[in-house]
Amino acid sequence: NKTPFYAEAGGQVSDYGIIKGENFEAKVTEVIKGPNKQHIHFVQITKGLIKSNDKVEAYVDESRRLGISKNHTATHLLQYVLKQKLSDKISQSGSKVDEKSLRFDFIYASNISDEDIIFIENKVNELIDTNEVISIREMRLEEAIKTGATALFEEKYEDIVRTVKIGNSFELCGGTHVQSLSQIKKFAIKGIESKGMNIYRIEASTDNNIGEELLKVIQPYINETKKLLNKATNIIKKASTENINLEFNYETNYLNPFTYKDIVFVRNEVERIKNEVKSLEKEYSELKQKQLLSNISYFDKFIKRSNTSDYIILKLKEYDIQTLKQLVDKLVDKLDNSFVFIANINNNSVNFISKCNKSIINKVNCGEFIKYASNIVGGNGGGSNFFGQGGGVDASKTDQILKEIEEKIIKSL
């Protein structure tokens, strides 16, 4: 009928610790409230055997209890500041408090900006710096409500309730708390998200857990940054092999995060790098297309002849369709009685484009060649006698297709 262990309730997790007697020792892994409000301790026996009527000593894990208490008291401060900053109509719709962090759900029918969250975080820390002593009292429910205590209306309360007063924050609460705000030391918000139906969720942490908890938040951004920078490096290396000079200078400077402002900074940095890499890709593409079209004589070595007509059947990589159209135009104009067929590979897909002089449209049908090739690679395409365009999703068959197109064109010309 007596225990120092807190049973999970009101969003606060239970205590852990040890219960031991003369002939046994057990590790407490969870505590819940039974149907008659009795505390039920789940234990892992590490030594001996428990017997009825054993006299025991119970030891709560003090370090864990303190961490939970810091986060629970900080939850009260957060709710108070939310009401001050956003609206006094804010109502709690759920919470979870453990030794590492806290989660607070609330109802609010408007938008909340990053600036709002930064302001709220700062205000909670200002309250912590006051070193206010926490006042805990038991009183009649009617008296507590009359004197301004905040209650959860879906909760059922006894006639005698426990109240927690922290400065101007006054709530009904049965959880554990620090003795003074100075014990919390520091508060940081990990993030905020909308859960729908005007419900927001804020997650935060306190004291020594802040660095670890906030690092978990920014780690995906750090990973994405590494991928983006690696992508930029690969673009520059690839461009260099094609005699295209590009520059991309960026150094990451992510320090350990300790505030929500740090999270916003890292998130914005990722977007900035993403845009810079996108610009680098565009620059590379434009220079690559320009290089391709500026030296048409390069393609002379691919010209073949069949009877009185010239033809070029060519495989390229990673060019946009507009550049390919310009290329086939230039090649067809350069040659007499000519036929051009280009396969352009992008990752696993392939585009086909074909064109010929109108002087030989009675011999070849570009649209039919494109349709034939596109069907083989799991796509579609077509066109007219003198121009065709298409593609598909299986680039592995490209070489075989080009061989077959060449065989067909030799027979046609």
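The structure is a predicted model, in which local features need pLDDT of at least 70 and side-chain atom pairs count only at pLDDT 80 or more, whereas totals for chains, interfaces and linings use all residues. Residues are numbered from 1 along each chain as its sequence is written, and side-chain values use heavy atoms, with hydrogens and water left out. Helices (H or I, at least four residues) and strands (E, at least two) are DSSP runs that are numbered from the N terminus.

The sheet that contains β1 is described to begin with. Four strands, in the order β3-β2-β1-β4, form an open sheet with antiparallel pairing, where two strands are said to pair if DSSP finds at least two bridges between them. In general, strands of a sheet pair through backbone hydrogen bonds, either parallel or antiparallel.

Within this sheet, strand β1 (residues 17–21) and strand β2 (residues 24–33) are paired in the antiparallel sense over four bridges, and the two form a hairpin with two residues between them. Across this pairing, Gly-17 stands opposite Val-28 in β2, while Ile-19 stands opposite Ala-26 in β2. Strands β2 and β3 also run antiparallel and are joined by nine bridges; in β3, His-39 is the bridge partner of Lys-33. The hairpin formed by β2 and β3 has five residues between the strands, and Lys-37 in the turn has a positive phi of about 70°.

A further open sheet consists of three strands in the order β7-β8-β9, again with antiparallel pairing. Its edge strands are β7 (135–140) and β9 (169–172), each of which pairs on one side only, and the twist averages 25° from one strand to the next. Strand β8 (residues 160–166) pairs with β9 in the antiparallel sense over four bridges, with Lys-165 opposite Phe-170 in β9 and with Glu-171 in β9 as the bridge partner of Val-164. The hairpin of β8 and β9 has two residues between the strands, and Gly-167 in the turn has a positive phi of about 65°. From β9, Ser-169 and Glu-171 point one way and Phe-170 and Leu-172 the other way, and all are buried; here buried means under 20% relative accessible area, exposed over 50%, and partly exposed in between, with a 1.4 Å probe and protein chains only.

The nonpolar cores are considered next, a core being a set of buried Ala, Val, Leu, Ile, Met, Phe, Trp, Tyr and Cys residues joined through side-chain atoms within 4.5 Å. The largest has 56 residues, of which Leu-78, Leu-82, Leu-86, Phe-106, Ile-120, Phe-187 and Ile-189 touch the most other members. Among the elements that give two or more residues to this core are α1 (62–85), α2 (114–128), α4 (210–241) and α5 (260–294). Not counting residues up to four places away in sequence, Leu-86 touches Phe-106, Tyr-108, Ile-112, Asp-116 and Ile-120, where contact means heavy atoms within 4.5 Å. A second, separate core of 22 residues includes Phe-339, Phe-369, Ile-370 and Val-377.

The axes of α4 and α5 come within 10 Å and cross at roughly 15°. That makes α4 roughly parallel to α5, a description that applies to angles under 35 degrees, with those over 145 counted as roughly antiparallel, those from 65 to 115 as roughly perpendicular and the rest as oblique.

Two partly exposed residues complete the description. Lys-83, which lies in helix α1, has a relative accessible area of 21% and touches Asp-88, Ile-90 and Thr-150, not counting residues up to four places away in sequence. Glu-318 is placed in the loop between β13 (309–317) and α6 (321–334) and is partly exposed at 32% relative accessibility. Leaving aside neighbours within four places in sequence, Glu-318 is in contact with Lys-238, Lys-288, Gln-289, Asn-344, Ile-345 and Asn-346.

Terms used: Axes fitted to C-alpha atoms, helices over the stretch in contact; angles between N-to-C directions.
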